[in-house]
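Reader: Can you walk me through this one? I'd like the surface first, then the backbone.

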Amino acid sequence: MLKFYFNGSPNPTRVARFLEESGLPFEPIAVDARKGDQFKPDYLKINPNAKVPAIDDNGTVVFDSNAILLY
């Protein structure tokens with residue numbers, strides 16, 4: 001299942017809206033930037049830029065909202 005890493009900022013929100021509208025099954029995973037979750041080693045493996053959004057589609061990792069929407 002697709003894992004969607006997000007927070008409440010605009011770019012993750014537009015990806016979330018797309019995922020909801022498309023009906024694709026996904027697991028939302030919150031990344032709390034106020035607590036520095038984006039700098040944790042596990043998340044840096046997903047996105048070395050330490051930003052959200054990002055998706056992990058069974059090992060295919062894509063970050064940047066535009067790239068995710070194109071994917």
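Reader: Which residues form the nonpolar patch on the surface?

Author: Phe18, Leu24 and Leu69. Together they have about 240 Å² of accessible area, from the Shrake-Rupley method with a 1.4 Å probe and only the protein chains shown as cover. Patch residues have over 30% relative accessible area and no salt bridge, and nonpolar side chains (Val, Leu, Ile, Met, Phe, Trp, Tyr) are joined within 5 Å. A salt bridge is a Lys or Arg side-chain nitrogen within 4 Å of an Asp or Glu carboxyl oxygen.

Reader: Where is Leu24?

Author: In the loop between α1 (10–22) and β2 (26–30). Leu24 is partly exposed at 44% relative accessibility. Buried is under 20%, exposed over 50%, partly exposed in between (1.4 Å probe, protein chains only). Helices (H or I, at least four residues) and strands (E, at least two) are DSSP runs, numbered from the N terminus.

Reader: What's the source?

Author: It's a predicted model: local features need pLDDT of at least 70, side-chain atom pairs 80 or more, while totals for chains, interfaces and linings use all residues. Numbering runs from 1 along each chain as its sequence is written, and side-chain values use heavy atoms, without hydrogens and water.

Reader: Backbone now. Which peptide bond is cis?

Author: Val52 to Pro53, with omega near 5°. Pro53 sits in the loop between α2 (41–46) and β3 (54–57). Most peptide bonds are trans.

Reader: What about phi at Ala50?

Author: Positive, near 60°. Ala50 is in the loop between α2 and β3. Its relative accessibility is 12%, so Ala50 counts as buried.

Reader: And Asn58, buried or exposed?

Author: Exposed, at 64%. Asn58 also has a positive phi, about 50°. Its loop runs between β3 and β4 (60–63).

Definitions and conventions:
Patches are made of residues with over 30% relative accessible area and no salt bridge: like charges are joined within 9 Å, nonpolar side chains (Val, Leu, Ile, Met, Phe, Trp, Tyr) within 5 Å.
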